[in-house]
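I opened this notebook to record what I looked up in one protein chain.

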Amino acid sequence: MTSRLDGPLKVTGRAEYGADHAFPGLVHGYVVVSTIAHGEIEAVDVTAAKSAPGVLAVYTPFDPLELNTPSLPAFGETWVPLQDREVTHYGQPIGFVVAETFEQARDAAMLVEVDYRERPAATSLEEGLASAEAAPGTEDVEILAEGVESIADALAASSVVVEATYRTAPQHHAAMEPHSAVAVWEGGALTVYSGNQGSDLQATELAQALGVDVASVRAVNPFVGGAFGGKGRTSAPAFLAAAAARALGRPVKAALTREQVFTATAGRAATVQEIALGAAEDGTLVAVRHDSWCSTDANRSFVEPTTRGTSQEWYATPNLKATQRIVPLNLPPTTFMRAPGEAPGSFALESAMDELAVALGMDPIELRVRNSSIAPPGKDLQWSSKHLDECFQVGAQRFGWAQRSPRGRVDGDWLVGMGVATAMFPALRFPATVEVTLREDDTAVVSTSGADPGTGLLTVLALVGAESLAVPVERVTPRLGDSAFPPGGMSGGSTATASAGSALMVAASEVIDALLALASSPGAPFEGAEVSYEDGRVLAEDGRSMSFGEVLRAAGRESLSATGSSGPGEELTKHSFSSFGAQFCEVRVHRWTREVRVSRMLGVFDCGRIINEKAARSQAMGGMVWGLSAALHEVLEVDDSGRWANGDFAGYLVPVNADVGEIDAEFVRYPDTLHNAVGAKGLGEIGVVGVAAAVANAVYNATGIRVRHIPITIEDLL
Ligand code: MOS
């Protein structure tokens, strides 16, 4: 059992996050945000702010820091502040005040006077449904069996049909580390310290925004205080700090307040989803229809892909129709947020499956197992590996599912129910490059620019490095989070272990080849001999052996390096890839107060090979806690001015320890080397998938009340 290598640094405060960096002459920037939800900035009076103590500069759309709009294949266009006078949501960055101290900057920011020409703000998804738009980058999916005219006909011909509308709440990223940056220019080169999910991607976005060569920008983030999709794109403080540092010739630090994080960065869309399921008497699905509407920002910059799971991952069905629509609103932008698509999508689909099980009088696990797919709907490429049935079996056994009654049970004043749901999330990987360096002291260094936002990638690099070099893990030093290292892809989409791990295996094999060539080269200790590598040593046929450090010292070398790259390739033409899981939940609903307590949760996951048992279990449980949070706590409320009424930690509820009862996650272990050489499938996001449905299904089991929206509140159960 390996504990995360960066754990001691983090819990003792020695880990330096972006905003922890300090430099001589550092000055402080404070972001000014809009106080209307929609309109145009007519004028900004900066007279008082500019003459306030310590103020160096006040930037506004009338006196901006010039920034281009970056565009990366991974994200599309990333919005940059101050480039126009449009206000599209309350709390949008519209100014930047730089002063000698943080307090001076904050103080002066309060003196900035803004005149707006206000326009009506659209903030209701429900009201926008009638004028919903096609979702950019998505297409309606329709698969019909031969002779079937339409999905409506397929549903009409089904023995049992359930049809309902489900709603999920808008949420916002609220990672422990607020978005922040320290930017330093030195000799025409920029270094930015700012939490992100891929430092080479951040360096590229900053270079594009600033109009400079990417070689002159370095993004550094060895420690990230949580990301989950919210630090994929570069944030406003990083753009503003970098541009202001250039303009002022001083290092600049900028950090959002907790309240600003809720509006100046992006969150998760609200969704409305209509689902219809048609089944035969024995539970076999005949038809699935899933129509989804999600909120997005006025720039339509992100689509929450709610129907993707239904149309590309979930159940086998001969007839399927899925549509995705967007409703642009004057609310803060939406973005990737842990299991984008699958998290809200699974609430609807897995609630509907529970309703179907009730309608059929069938056990909900049996219904799911019966409809388990061997390939994505309508596709020929079978799953490379799928052990979902085993996840349900193992989980049912451990959770005591056999004791569940279709009507729950009563324990004193508590109504007790159990619920279950399927979890799925595609197994993906991105191109990545890793460098392995062997050193004369018999240690090795593994380097890649990828990020460890708390997921455990740093420790994974050490473990996979040690295994690939056949040396103890203590002799491997992993390094990441620096765009100066080889491009390591992104810690997003649950891809980092498969992406960086595979590249690391290639790099290790390359460096071993180079070591053997060096050892047997003219003048070297094994000149002309047949050599091989084992357990960190070079061996000759005659029985002689030397450690790699000894070989390097003999050759007068301090180190020997090689890089390896890996990315998705031919395997995509042979199989489909996904992680799978079974979520179990027990709730206790108080008979009189109607409060819901999640007393037990168990997730059993098929995520291929588990590299680090401890971190994997923590990651999965973290996702499950977030699912509980979605089910019972998290929702942003909009007030009449279009402002989040609860955009801070006082009003935005997240679970505390007392909200989480017994919780455990475990894995069925089937390495998937058809997917990648490491055999690992993603496990970063799947933990959250299905949990909200499992909670709602358990609430139904306990109370007989079907709640078709999250979060579920006391009022829903009166
Ligand atoms: Mo995650 S939403 O892929 O960062």
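**Conventions.** I worked on a predicted model, in which local features need pLDDT of at least 70, side-chain atom pairs count only at pLDDT 80 or more, and totals for chains, interfaces and linings use all residues. Residues are numbered from 1 along each chain as its sequence is written.

**Domains.** I looked up the domain assignment, whose bounds come from an automatic or database source. The assignment gives domain 1 (7-120 + 175-267), domain 2 (380-428 + 573-717) and domain 3 (432-567). I then took the centres of domain 1 and domain 3 over C-alpha atoms and found them 37 Å apart. For contacts I required C-beta atoms, placed from the backbone, to lie within 7 Å. On that criterion, 20 residues of domain 1 are in contact with 17 residues of domain 3.

Which elements supply at least two residues each to the side of domain 1 that touches domain 3? I found helix 6 (199-210) and strand 15 (217-220). Helices (H or I, at least four residues) and strands (E, at least two) are DSSP runs, numbered from the N terminus. Helix 6 gives the most to this side, with five residues. By class, the side of domain 1 that touches domain 3 has eight nonpolar, nine polar and three charged residues. Here Ala, Val, Leu, Ile, Met, Phe, Trp, Tyr, Cys and Pro count as nonpolar, Asp, Glu, Lys and Arg as charged, and the others, Gly among them, as polar.

**Core.** I searched for nonpolar cores, meaning sets of buried Ala, Val, Leu, Ile, Met, Phe, Trp, Tyr and Cys residues joined through C-beta atoms within 7 Å. A residue is buried if 20 or more other C-beta atoms lie within 10 Å of its own, exposed if 12 or fewer, and partly exposed in between, with C-beta atoms placed from the backbone. The largest core has 222 residues, of which Val-97 and Val-695 touch the most other members. Helix 14 (residues 496-519) gives the most to this core, with 15 residues. Leaving aside neighbours within four places in sequence, I listed the contacts of Val-97; among them are Gly-29, Tyr-30, Val-32, Ala-49 and Val-112.

**Strand pairing.** I counted two strands as paired if DSSP finds at least two bridges between them. Strand 31 (residues 596-606) and strand 32 (residues 660-668) run parallel and are joined by eight bridges. Val-604 has Glu-666 in strand 32 as its bridge partner. With helix 16 (residues 613-632), strand 31 and strand 32 make a right-handed β-α-β unit. A crossover is right-handed if, with the strands pointing away from the viewer, the path from the first strand over the helix to the second runs clockwise.

I next examined two hairpins. Strand 26 (residues 531-534) and strand 27 (residues 537-540) pair in the antiparallel sense over four bridges, and Val-531 stands opposite Ala-540. Two residues lie between these strands, and Asp-535 takes a positive phi near 50°. Strand 27 also pairs in the antiparallel sense with strand 28 (residues 545-547), over three bridges. Leu-539 stands opposite Ser-545 in strand 28. This second hairpin has four residues between its strands, and Gly-543 in the turn has a positive phi of about 95°.

**Backbone angles.** I noted a cis peptide bond joining Ile-710 and Pro-711, with omega about 0°. Pro-711 is placed in the segment after strand 33 (709-710). Leu-82, not a glycine, has a positive phi of about 75°. Leu-82 lies in the loop between strand 5 (76-77) and strand 6 (86-87).

Is Leu-82 buried or exposed? I recorded Leu-82 as buried, because 23 other C-beta atoms lie within 10 Å. Arg-300 also has a positive phi, near 55°, and lies in the loop between strand 19 (285-296) and helix 9 (308-312). Arg-300 has 15 other C-beta atoms within 10 Å and is therefore partly exposed.

Ile-275 is found in strand 18 (residues 271-279). I recorded Ile-275 as buried because 27 other C-beta atoms lie within 10 Å. Ile-275 and Val-162 are 113 residues apart in sequence and 8.1 Å apart in space, C-alpha to C-alpha.

Ala-562 lies in strand 29 (residues 559-566). With 19 other C-beta atoms within 10 Å, Ala-562 is partly exposed. Not counting residues up to four places away in sequence, Ala-562 touches Val-436, Ala-507, Glu-510, Val-511 and Ala-514.

Key
Contact = placed C-beta atoms within 7 Å.
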